[in-house]
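Welcome! Here is a short tour for anyone meeting this structure for the first time. Take a look at the sequence and the model, then read on.

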Amino acid sequence: MGAVLSVAELPGGLVELTAHLPHLAAHARAGEFAQLRCGPGPVPLLRRPFSVAWIDGEHCSFVFERVGAGTRLLAAMRPGDMLGSLGPLGVGFTLTPSQRRIVCIAGGLGCAPFPLLARQARALGATDVTILHGAATAARLYPTDRFVRGDSDGITVIESTDDASRGHHGLVVDLITETLRHPTDAVFACGPNPMLAATAARLSTVRAPSIAEASLEAPMGCGFGTCLGCALPVHRDGGTAWALCCREGPVMPMHTVDWDGLRALPPAHVA
Amino acid sequence: MSDVDLRVDLGRGCVLPNPVGVASGTFGYGFEFEQLVDIQRLGAIYTKGTTPLPRDGNPPPRVAETAGGMLNSIGLQNPGVDHVARVYATSFAQWSVPVIVNVAAATVEEYVHCARVLDEASGIAALELNISCPNIAHGMDFGLDAPSAARLVQAVRAATQRCLVVKLSPNVTDIGAVARAVEDAGADAISAVNTYVGMKVHLGLRRPVLPSRGTGGLSGPAIKPLALAAVARVRAAVRVPVIGVGGIATTTDALEFFVAGADAIQVGTANFADPEVSLRILDGLQDYAQSAGLARLTDLRWQPAPLPA
């Protein structure tokens, strides 16, 4: 539980909430998430999972859109309101000191874990963090200055929009092949599950680095492995099995995800 | 120092240190919560529904939030009774919190098999027979009519000396009749209630949000008034201890269940939103009983006046 410091309106309806959460700030690694209490309840009853987007001292930031009752309440919070947070939870991206070049692929709100990832990767010794960021239209792109946070050294953002309003005209996945012509040590992706599936398919056509991970999403009840609600299909022991997004993910090696199985599922109702 | 006697005697030597348990399916086997809260202070852990063989569970989506509640269709994902008896129970035996293993199966023989396997293990305080799972084929078969429920309880009763709790389905016409039947068949205590069958619709897709059956089990504060009514009906029908469960998220909620006739309670869905809620309710019950001068929480029980002829 910590006090809200600010709720910033970003272009395109994105919201960035920052709160004083010392425990989360001290322990969260890029790709891990926190379960946030959006209100006193009972509507919404459950917490909502958010990647930790940024850490500054004892402060943590989260980026989201108003998609339902929970995110609307969060966006309406004011400085001084108390925010309940449980975390860090889940498995984050694999960052190692040997990684020099890292390519991140962010579809829409999939931008959320990458400001923190870029900073943590740079601190570990990465010299080139290239972020491919796509959105439907320019207004919905996460601002570049928020990816780099005042220190753009070694961080490059390449944008794409579906409607050609900025950057590459087309899908962010289209940028992968060209970007991976340079030797790359790790690829990290975050975005809607169909975009991640397309990313995995594209990576299979190029010489992808051995570390290729995706941050997936699934409707969650608890966020810490108890309700068993957030099952995702994975390859295991020569067959397929369910893995819990909250405990075995949200970040998983791309080759372990059963992308065909994921595609075949009915769309999750996340609002 | 507390003068309040919080212990709950479920029978056959199973005495819970306090009445605040955590409901099956909302607490796993305790291990996930061990990292988050002091689980040893709980009155009991009712485990995830445990079946004769391991189960992978249902395809997602498995959960859907509703107004003040949630629907789940997990499909009893669990590692199977052998794993629970051989591996998990060795941890249970080290714990001070009583662990009550929730057992679910499709036939009388399977229930009996599970009871026998669990009889071999130490660290298990009691069994809770789940005759009320709405999310698997035949999950509710035994819970929907009194004779079937009685036949099952009789068979398991004959197979084990362990304390036997039976968790009833609310999806019946007369829960009191089912309660009386399982009491007569040898149940030591009754948990009331499991989830209510419910549906959430995805209007854009013109289909239910949850796949396969389209339905799931509704839990959370939304069902509390329904669960209170069910507990009162069960209380009126039986003499054995009644464990109230359904939508408890605060101390006040828990106290209401004691008024309705419960001897103990289970906190369920609220654990997902707040892992500390059960212990807070325990502290709250103790404070309330002390300030109200109660010797025991069951002193809160409502005694309904006889209905006019």
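Chain A of this predicted model has a secondary structure of seven helices and 16 strands. A compact globule of 271 residues would have a radius of gyration near 18 Å, and chain A agrees with that at 18 Å.

| Property of chain A | Value |
|---|---|
| Box filled by the C-alpha atoms, along the principal axes | roughly 50 × 45 × 40 Å |
| Residues that count as buried, of 271 | 56% |
| Share of contacts with a separation of 6 or more that join residues 24 or more positions apart | 68% |

Now let's turn to chain B and a pair of helices. Helix H3 of chain B covers residues 108-119 and helix H4 of chain B covers residues 146-159; their axes come within 9 Å and cross at roughly 30°. Because angles under 35 degrees count as roughly parallel, H3(B) is roughly parallel to H4(B). The crossing of these two helices, H3(B) and H4(B), is right-handed. On the H3(B) side, the residues that meet H4(B) include B:Val108, B:Tyr111 and B:Arg116, while those in H4(B) include B:Arg151, B:Leu152 and B:Ala155. By class, this contact of H3(B) with H4(B) has eight nonpolar, no polar and three charged residues.

One glycine is also worth a visit. B:Gly139 sits in the loop between strand E8 (126-130) and H4 of chain B. Is B:Gly139 buried or exposed? With a relative accessible area of 4%, B:Gly139 is buried, because buried means under 20%. Beyond its neighbours within four places in sequence, B:Gly139 is in contact with B:Asn130, B:Ile131, B:Ser132 and B:Cys133.

Note on methods: Residues are numbered from 1 along each chain as its sequence is written. Chains are lettered from A and ligands numbered from 1 in the order in which they are written. This is a predicted model: local features need pLDDT of at least 70, side-chain atom pairs count only at pLDDT 80 or more; totals for chains, interfaces and linings use all residues. Side-chain values use heavy atoms; hydrogens and water are left out. Axes are lines fitted to C-alpha atoms, for helices over the stretch in contact, and angles run from 0 to 180 degrees between N-to-C directions. Helices (H or I, at least four residues) and strands (E, at least two) are DSSP runs, numbered from the N terminus. Angles under 35 degrees count as roughly parallel, over 145 as roughly antiparallel, 65 to 115 as roughly perpendicular and the rest as oblique. A crossing is left-handed if the near helix is turned anticlockwise from the far one by less than a right angle, and right-handed if clockwise. Contact means heavy atoms within 4.5 Å. Ala, Val, Leu, Ile, Met, Phe, Trp, Tyr, Cys and Pro count as nonpolar, Asp, Glu, Lys and Arg as charged, and the others, Gly among them, as polar. Buried means under 20% relative accessible area, exposed over 50%, partly exposed in between (1.4 Å probe, protein chains only). The radius of gyration is taken over C-alpha atoms; the globule rule is 2.2 Å times the number of residues to the power 0.38.
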